[in-house]
Amino acid sequence: MSLVVEEEQSDALTMFSFEEIVQEIALKRASARQGAESWDRLHAVASELAGSSEGSTHWLEPNRSWHLERISIDNYRGILNEVPLELLFDPTPGITVLHGLNGAGKSSISDAIDLALSGTAAAPTGGKAGKAALWDPIHLARGSSSARVEVTLSSRGEYLVVATVLGESGLVESHEARLVGPNGLEPVDLGSNWHQALASHQPVFAYASLERRVQLSKDLATYFEGLLALGGSFNAIQEAITLRGNASAEALTRWRRAKEEAMRALSQVDDERSATCKFTPLGPVPEPTLSDSKDKWLKEAGLLESGLSSASLPDDSRERLSDAARSVQNTIRSFEQAGTTAEQLLSGPLEQLHDEASRRHLDVGTCPVCEDGGSGWLVTLGETVKRNQNLASLRAKVGSDTKALAAVADELLTPVLKVGSQAEPGDSIKALSSSGQKLLEKFYAARESGLATQHSVLTATADLAGWLRSDDAQTLVNEAVARTDATKQWLIARARAVERFAAVWEADGVSAAESASWVATSSRVEELRKHLRKRRSDSLEGKAGARVMELLSDAELKLKSINVLATKASMELVDRNDNQVDLGMLSAGQRNAVLLAPLLASVDAGPFGFLILDDPVHAFDELRIDRLAALLAELAETRRVIVLTHDDRLKEHLAARTYDCDTRLVDRSGATGAVEVKDSSHFWDQLLQDARTVLDLSLEETGTTEDVTDSIRGLCRMSIDNALRTFVLRNAVLFGRDTETDLTELDKAYTTEKRLAVAADFWQGTTSAGTNPVRRAEQKCQTYLSSWNQSVHGNPQLSNATKEEIRAARDACKALAAAS
């Protein structure tokens with residue numbers, strides 16, 4: 001069944017559930033001529049949320065009503081009590097009136113309930129000097145560093161306890177809730193559904209606060225948007241679409257940024273490589289789009305090349321290394337064959353010895369080395385010196401060839417060994433590289449420690465040269481040359497340049513590609529909102545129009561239309577001739593009625609079985625008060641209506657329309673600031689209690705009532721007038737009389753006796769005794785009416801007040817109360 005049919009069956013503006021919104025989306029999808037994909041995407045998200053939400057907020061399920069049972073207020077605003085002020089409320093339908101003078105603490109009580117439920121406190125508007133705000137609310141009681149408010153709601157045997165704590169700055173420090181039920185106590189996450197319910201079905205209305213908030217058309221739009229009750233489910237879907245759309249847009253931004261960086265890096269690689277290449281340059285890499293396949297683009301663009309990124313080795317690396325090794329091997333072999341090692345090492349000193357012996361003519365005599373007594377030792381030494389002089393050229397050749405080997409090793413062998421060392425484990429060239437590295441290090445170390453012709457250097461050089469001519473070395477060099485091929489290195493450099501982009505594409509590509517779809521889906525959300533807003537606006541318009549008629553029919557004003565857009569809203573009022581009436585032309589009382597009407601139109605649905613109204617009769621006249629009282633009495637048939645007012649007229653009208661009206665007096669101690677709330681269901685009863693207290697105290701202290709007689713009798717007359725006024729109001733309600741006319745007639749009578757006579761004529765009912773209740777009341781107090789009037793007017797008294805006349809006044813009031 002579609003939601004349209006459901007709304008036709010039910011006039012209540014209940015919040016949409018996920019399931020209802022899913023149905024609405026399906027209907028829109030079926031009728032859509034274009035954008036089917038975005039409607040499908042919206043439907044999928046809504047269905048997903050509908051499935052995940054099951055059982056998550058059972059305590060806020062549809063058709064469940066929460067009733068206010070208790071409020072505890074500690075150091076909040078005007079309530080500065082030694083212990084928290086606690087108020088208990090009857091959760092069943094009916095009316096409770098909290099009345100008292102301005103400044104008694106009534107608004108503090110209503111604001112405390114709102115704060116506890118919402119967890120939000122108005123922040124200071126700021127400003128300095130001439131721009132400093134005058135009316136910023138102060139949330140903490142005087143001298144307090146914190147405040148705490150807590151409400152207890154009940155439903156089906158469970159209790160929801162919601163508390164808000166304010167810190168020293170007056171800002172909210174915590175807002176927590178717990179559910180108390182058969183399974184014990186469990187913390188509750190109120191979530192967006194709770195706050196949307198507060199906006200859609202406002203359980204607390206304070207005219208002064210609303211008037212401050214609604215100053216512009218956009219403020220009115222905010223006010224109405226909540227009352228339209230699109231609900232937390234709709235908001236959750238919108239938030240999900242927004243979050244996923246934002247995530248997709250961010251992914252698209254990352255993808256584009258990474259692509260730009262990759263294309264710049266590729267351009268730089270190509271510029272550097274093409275400047276030094278000796279072959280035909282590689283073609284440019286095509287720029288990818290999100291519709292491309294990442295893997296296909298990488299493959300077709302040749303961006304999958306792997307390997308070591310290094311400088312290219314010349315193709316003749318193997319020949320050059322082998323030639324240098326062969327040359328040094330041959331030179332070392334010739335050097336070693338040219339003489340013994342001792343002769344090679346001592347060739348210099350032997351030459352010096354020969355020169356010195358020849359200069360000194362020591363050619364005869366004993367050899368200084370072997371002590372041979374022959375005369376030929378100097379000749380033998382000369383032959384050895386000549387032979388060693390032939391080795392000098394070989395020695396120089398060994399040095400130059402060793403130096404050449406070191407140079408070619410630096411140029412070619414070191415990068416070859418680097419290629420091998422960076423190979424993957426298990427790669428055959430890694431072990432070959434390790435062997436060559438050891439020989440190269442030994443070669444370098446030997447050269448640093450001695451001459452080229454020293455034995456250790458010759459050995460290290462011969463070992464390295466021998467290895468360079470081995471099959472292992474040839475294999476290693478050939479593989480290194482292949483792996484550092486210029487084209488391959490170009491491709492490797494390109495692959496490195498796009499690595500980060502490829503990783504971003506892998507992570508964000510799918511989400512980024514959906515960005516346009518999420519934008520379209522977001523548009524579908526707004527389209528759906530407009531559709532639902534229009535339908536709900538029409539419903540709210542009808543319901544609010546009826547409330548406006550109830551409150552303002554005497555002014556012949558009616559609500560023609562409510563228009564709610566995303567950023568502005570309007571209400572069109574017309575007079576009896578259908579002429580438009582600007583809101584600015586309304587009186588303060590009419591403006592209050594117009595703002596109150598939509599709220600009262602929305603409270604017949606939602607999860608709150610109570611309604612709190614703070615000063616709802618601002619600037620109301622007697623007629624408007626009576627009509628509002630009638631409307632509230634109707635609402636109180638299904639919920640507890642709690643009214644806070646300083647206007648006794650509203651209290652009287654409400655009491656007149658409900659037999660069990662719970663009225664309480666809110667009073668404040670001027671000395672301590674403590675707020676006290678006490679029962680005042682029958683105000684006349686309180687007046688008579690005061691009269692009896694005054695009498696008893698006077699008798700106790702002076703033994704007479706002479707000094708307090710006027711006060712006592714004045715209280716007696718006031719009690720009769722109060723009971724009589726309540727009777728007239730209830731009588732008018734019971735028998736369909738005009739309350740304003742009857743009260744006006746009553747007020748024209750200036751004495752209690754005449755007022756009783758006027759009221760007696762209003763009576764249209766019967767009693768079990770068959771006697772007019774006003775006449776019965778008159779009989780109870782007839783004896784004292786004259787003296788009561790004399791006291792009120794300050795005339796001298798012939799007797800002192802007695803307990804009997806207080807008792808007579810009470811009996812008369814009871815007779816009037818029983819009849820009404």
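A residue is called buried when its relative accessible area is under 20%, exposed when it is over 50%, and partly exposed in between, with a 1.4 Å probe and protein chains only. The exercises below concern a predicted model, in which local features need a pLDDT of at least 70, side-chain atom pairs count only at pLDDT 80 or more, and totals for chains, interfaces and linings use all residues. Residues are numbered from 1 along each chain as its sequence is written, and side-chain values use heavy atoms, with hydrogens and water left out.

**Exercise 1. Determine whether Glu 556 and Arg 156 are buried, partly exposed or exposed, and state where each is found.**

Step 1: Glu 556 is found in the loop between α19 (515-552) and β9, where helices (H or I, at least four residues) and strands (E, at least two) are DSSP runs, numbered from the N terminus. Step 2: because its relative accessible area is 36%, Glu 556 is partly exposed. Step 3: Arg 156 lies in the loop between β4 and β5, and because its relative accessibility is 56%, it counts as exposed. Step 4: the phi angle of Glu 556 is near 55 degrees, a positive value in a residue other than glycine, and that of Arg 156 is near 50 degrees, again a positive value in a residue other than glycine.

**Exercise 2. Describe the sheet that contains β9, β10 and β11.**

Step 1: the three strands form an open sheet in the order β9-β10-β11, with antiparallel pairing, where two strands pair if DSSP finds at least two bridges between them. Step 2: β9 (558-564) and β11 (580-581) are the edge strands, each pairing on one side only. Step 3: between β9 and β10 (residues 569-574) there are six bridges in the antiparallel sense, and these two strands form a hairpin with four residues between them. Step 4: Val 564 has Ala 569 of β10 as its bridge partner, and helix α7 (residues 217-227) packs on the sheet, touching β9 and β10, with its direction at about 90 degrees to that of β10. Such contact means heavy atoms within 4.5 Å, and the angles run from 0 to 180 degrees between N-to-C directions of axes, which are lines fitted to C-alpha atoms, for helices over the stretch in contact.

**Exercise 3. Find the buried residues of helix α27 and say which helices they pack against.**

Step 1: in α27 (residues 773-781), the buried residues are Pro 773, Val 774, Ala 777, Glu 778 and Cys 781. Step 2: they cover an arc of only 145 degrees around the axis, which puts them on the same side of α27; the arc is that of the directions from the helix axis to the C-beta atoms. Step 3: these buried residues pack against α24 (709-735), α26 (752-762), α28 (785-792) and α29 (803-819).
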